[in-house]
Each structure stands twice: as structure tokens, then as C-alpha cells.
Amino acid sequence: MLKPVSPTEVRDLLRNGARLVDIREPDEYESVHVEGAEPLPLSLARYMRLAPSRPEKPVIFTCHSGNRVGQNERMLEDLAGGPAYTMVGGMDGWISAALPVRRGMKYSLERQVRIAAGSLVFLGTLCGIVIHPVFLAVPFFVGGGLVFAGVTGFCGLGELLKKLPWNVRL
């Protein structure tokens with residue numbers, strides 16, 4: 001069983017050589033994370049190996065709120081191969097404790113795609129009803145694009161959004 005530790009205890013453990021492993025998905029990690037945290041997306045964790053945990057260098061797992069760590073405790077404990085902890089409250093707890101974070105994009109790319117696609121569908125439908133039925137082509141193509149993205153893994157809208165200034169890294 002992973003031993004629960006508070007965010008301030010985690011800060012102290014990190015200062016003494018512990019490793020913080022963040023199991024959130026890449027877009028979540030990119031939006032906000034603890035400086036020096038090792039990203040290990042839960043979707044890949046069962047296929048990966050970690051350097052074994054040692055008493056002088058334990059592993060601390062975190063996610064957004066602590067729920068994912070709790071739900072996958074057995075697998076993460078096995079993955080650590082030694083002393084392992086879970087940060088109480090996850091990143092939410094760390095932020096609530098006013099500890100320093102590194103911020104990236106305000107909204108993850110996935111969230112930006114949802115906002116853009118939803119807006120296009122809403123506006124296309126509204127314009128199709130109020131102005132002219134030709135505007136109904138917009139939600140038709142957006143829906144088709146989302147199905148295509150789901151089937152192939154390629155999202156044209158996501159690729160376009162990546163090029164916007166707030167998503168470009170220098």
C-alpha cells in the first residue's frame with residue numbers, strides 16, 4: 001500500500017532526493033506540474049519501467065487529485081519496486097498548499113479542440129437555422145472530422161491549434 005504524504009512532506013522528501021512521478025496524461029502535465037517531476041502517463045505506465053525505488057530515494061506518485069493513484073495503487077506499487085508514497089490531494093493539494101509549480105498552456109490542446117469544435121458546431125447550427133441552411137455544412141464537417149480523428153488518431157483541428165502563438169514553444 002502506498003503511504004500517503006502531504007504536499008509539504010513531499011516538498012521535504014524531494015529536497016532529500018525522493019522522486020516525484022506524475023501519472024497524468026501529457027496535456028495535463030504540460031498545463032501545470034511540479035518542477036522536476038517525472039512524467040509517466042498512466043496510459044503507458046503498465047508498459048514502462050522505473051528505476052527501482054530505494055529507501056534513500058523513494059518514489060512519490062501524483063495525479064490531479066489523488067484518485068488515479070488510489071485506483072491504480074497496486075500497479076504503481078509494483079512499478080516502484082521499493083518504498084513508494086502517494087501525494088495527498090495530488091496536484092490540487094500541491095497548488096492549494098501554495099507550493100511552486102511550472103505552468104505551460106492554460107488550456108490543454110485536447111480542451112482547446114473541444115472548445116473550438118463545440119463552438120463551430122453551435123455557431124454553424126445557429127447560422128444554418130437563422131441565416132441560411134448552407135451553414136449546416138459546418139457542423140457536418142466538424143462532426144466528420146471528429147469521427148476521423150477518433151478512428152485514425154490524426155486531428156486536423158488539433159494540428160491547426162498547435163500553430164497558434166500561445167501553443168508554440170520557442
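Okay, some ground rules. Because the model is predicted, local features need pLDDT of at least 70 and side-chain atom pairs count only at pLDDT 80 or more, while totals for chains, interfaces and linings use all residues. Residues are numbered from 1 along each chain as its sequence is written, and side-chain values use heavy atoms, with hydrogens and water left out.

Let's start with the sheet. Five strands make an open sheet, in the order β1-β6-β5-β2-β4, with parallel pairing. Strands here are DSSP runs of E, at least two residues, and helices are runs of H or I, at least four, numbered from the N terminus. Two strands pair if DSSP finds at least two bridges between them. At the edges sit β1 (3–5) and β4 (38–39), each pairing on one side only. Helix α1 (residues 7–15) packs on this sheet and touches β1, β2, β5 and β6 (84–87); contact means heavy atoms within 4.5 Å. The direction of α1 makes about 95 degrees with that of β1.

Now look at β2, residues 19–22. Four bridges join β2 to β5 (residues 59–62), and two join β2 to β4. Who stands opposite Val21 in each neighbour? In β5 the partner is Phe61, and in β4 Val21 faces Glu38. Arg19, meanwhile, stands opposite Val59 in β5.

In a regular strand, side chains alternate between the two faces of the sheet. In β2, Arg19 and Val21 point one way, Leu20 and Asp22 the other, and all are buried (under 20% relative accessible area, with a 1.4 Å probe and protein chains only).

Next, the helix pair. Helix α7 (residues 109–130) packs against helix α8 (residues 137–152) at about 155 degrees, with the axes 8 Å apart. That's why we call α7 roughly antiparallel to α8: the word covers angles over 145 degrees. Axes are lines fitted to C-alpha atoms, for helices over the stretch in contact, and angles run from 0 to 180 degrees between N-to-C directions.

Which residues meet there? From α7 we have Ala117, Leu120, Val121, Gly124 and Thr125, and from α8 Val138, Pro139, Val142 and Leu146. They divide into seven nonpolar, two polar and no charged.

Last stop: Ala98, in the loop between α6 (90–96) and β7 (102–103). Ala98 has a positive phi of about 60 degrees although it is not a glycine. Buried or exposed? At 68% relative accessibility, Ala98 counts as exposed, the cut-off being over 50%.

Conventions:
Angles under 35 degrees count as roughly parallel, over 145 as roughly antiparallel, 65 to 115 as roughly perpendicular and the rest as oblique. Ala, Val, Leu, Ile, Met, Phe, Trp, Tyr, Cys and Pro count as nonpolar, Asp, Glu, Lys and Arg as charged, and the others, Gly among them, as polar.
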